[in-house]
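Here's a quick tour for a first look at this structure. Have the model open while you read, and follow along.

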Amino acid sequence: MTETTHMQTPLPGGGAKPRSPEYRLAANALRGLRQDLLHDAFAYRPLPRMRVDGPLTRRLPARLREYVAWTPHAVIATIAVLALFMGTADSDGAEALIGPLALVPILLTMLRPMGAFWLSLAATPVGQLLGKGYEGYPWQPAAFACHLTVLTVVAIRTRPRTAGYMWALTAAYGFVADVVFGQNYYYSDDTAPMLVISALILLAVAVWHTRREAQQEVTAQQTVTAQERSRRTLLEERTTIARELHDVVAHHMSVVAIQAEAAPYRVENPPPELERAFATIRENAVAALTELRRVLGVVRAEDYEAPDAPQPTLADLDGLLANVRDTGLEVEKTVTGAVRELPQGVELSAYRIVQEALSNTLRHAPGASARVEIGYVLGGLGLRVVNAPPPAPALLKPSPGAGHGITGMRERVSMLNGEMTANPTDDGGYEVTVFLPVPLASEGEA
C-alpha cells in the first residue's frame with residue numbers, strides 16, 4: 001500500500017486532497033504501534049549471550065568467560081525468583097498464584113519480549129483480584145516489580161519507540177483502573193509511582209540506546225575511514241612505483257633508440273636491409289617511449305620532476321646504510337652468494353624495500369640494532385631485514401607514520417611476482433623477509 005493511499009483522499013474530480021502534517025504524524029504513529037506491539041507480538045527472540053570481548057571480560061580465564069556470558073540471563077532469573085517470593089510470601093489459597101503470575105512474564109522476556117509485556121499487563125488485574133486490596137492498587141507489590149522489570153528488559157531489547165508505546169499503554173491501564181474501578185478503594189494507589197519510576201527507567205534506557213547507536217555509527221565510520229585510508233595508501237604506493245618504473249623504462253628505451261640510430265654509422269657501407277632494420281628498431285623504440293609517457297604520465301603529480309640522477313640500485317646500498325648509521329641506528333650488512341647485476345626493476349625494488357624496512361626500524365624501534373642480509377641465489381634475490389627489540393619499549397610513543405611502509409613493500413614484491421613476510425620475532429623485534437624471482441634469461445641479459 002503506497003503512501004498516497006494513506007495520505008490522500010480521492011476527490012470527485014479525480015484529484016487528491018493532501019493530508020495535514022498532524023494527520024500524517026498520527027497515521028505513522030498508529031502504523032508504528034501496530035508494527036511494534038501487534039505484528040509478531042509473540043515472535044520467538046531468544047536473549048543472546050553477553051559479549052565477553054570487553055576491556056574487563058577479555059582478561060578473565062576462558063572457562064570463566066563462558067559463565068560470564070550468561071550474566072543477563074542470571075540477572076533476569078534472579079529478579080523473577082524475587083518476584084515469586086514477593087507474591088507467595090504470607091499467602092495462601094488462590095492468593096499464592098500472584099507469585100507465578102509475576103514469575104512467568106519476567107522469564108518470558110528472555111524468549112518472547114513483546115509477549116512478556118502483554119502477559120504482564122494482562123496478569124496485573126488478575127493478581128489484583130486474587131490479592132489483598134490494601135497491599136496496592138492497581139498493582140500488587142509482586143506485579144509492580146514484575147511490570148517494571150518487564151518494561152526495562154523489553155525496552156533494552158527493542159527500540160525506544162516501542163518503549164514509549166509500552167509506557168503509554170501502562171499509563172492508559174492505570175488511568176482506566178483509577179477512574180472506572182478506583183472509587184471502590186479508599187487508599188492511595190500506585191499508578192503515579194509506577195509511571196514516574198518507569199518513565200525514569202525508560203528514559204535511561206533510551207539514552208543508552210542512543211549512545212550505543214552513536215558508538216556503532218562512529219565505529220562504522222572509523223572502519224570506512226580506515227578502509228579508504230588503506231585504499232588511498234595503496235594507490236599512492238602504486239603511483240610511486242609507476243613513476244619510478246617509468247623513469248627506468250624510459251631511460252632504457254631512450255638508450256635503445258639512440259643506439260639504433262647510431263649503429264649504421266659504425267659500419268662502413270652497411271647494406272640497405274641493415275639500415276632499414278635499425279630504422280625500424282628506432283621507430284618502434286620512439287613509439288613505445290611516446291606511448292609509455294602518454295599512458296603513465298597521468299600518474300605524475302603536476303609538480304613531479306624526474307630525478308636528475310639514475311634510480312638507486314643495490315650498489316648504492318652502502319651509502320644508504322651510512323646515512324642510517326649517522327642517525328644512530330646500528331646496522332650491519334651481510335651478503336651471500338655471487339654478487340651479480342640484476343634487472344634494474346629488481347635492483348630498485350630491493351633498494352626501496354631495505355630503505356623502508358630500516359625507516360620502520362627508526363620509527364617504531366628507536367635505539368634498536370638492525371641487520372640486513374642479501375642473498376644472491378639461483379633464480380632470484382633474497383632479502384632479510386631484522387631489528388632487535390627496542391631497549392625501552394614502555395617509553396615508545398605512537399608512530400606518526402602514514403602506514404605506507406608494509407603496503408609499499410608488498411606492492412613492489414607483488415609487482416615482481418615475489419614473496420614477502422613481515423612478522424614480529426620471538427624476542428620482540430621485527431623481521432621482513434623477501435624473495436624476488438629473476439628468470440635465468442634476465443640474469444644473463446643483465
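## Strands that pair

Two strands pair if DSSP finds at least two bridges between them. Strands here are DSSP runs of E with at least two residues, helices are runs of H or I with at least four, and both are numbered from the N terminus. This is a predicted model, where local features need pLDDT of at least 70, side-chain atom pairs count only at pLDDT 80 or more, and totals for chains, interfaces and linings use all residues. Residues are numbered from 1 along each chain as its sequence is written, and side-chain values use heavy atoms, leaving out hydrogens and water.

Start with E7 (residues 430-437), which pairs with E5 (residues 380-387) in the antiparallel sense through eight bridges. Leu383 has Val434 in E7 as its bridge partner. E7 also runs antiparallel to E6 (residues 419-424), joined by six bridges, and Glu419 sits opposite Phe435 in E7. E6 and E7 make a hairpin with five residues between them, and Gly428 in the turn has a positive phi of about 100 degrees.

## Two nonpolar cores

A nonpolar core is a set of buried (under 20% relative accessible area, 1.4 Å probe, protein chains only) Ala, Val, Leu, Ile, Met, Phe, Trp, Tyr and Cys residues joined through side-chain atoms within 4.5 Å. The largest one has 33 residues, with Ile106, Phe117, Val150 and Met166 having the most contacts inside it. Helix H7 (141-157) is one of the elements giving two or more residues to this core, and H7 supplies its largest share, 10 residues.

Leaving aside neighbours within four places in sequence, Val150 is in contact (heavy atoms within 4.5 Å) with residues including Pro105, Ile106 and Phe117. Apart from this core lies another, of 31 residues, among them Leu314 and Met409.

Key. Buried < 20%, exposed > 50% of the residue type's maximum accessible area, 1.4 Å probe, protein only.
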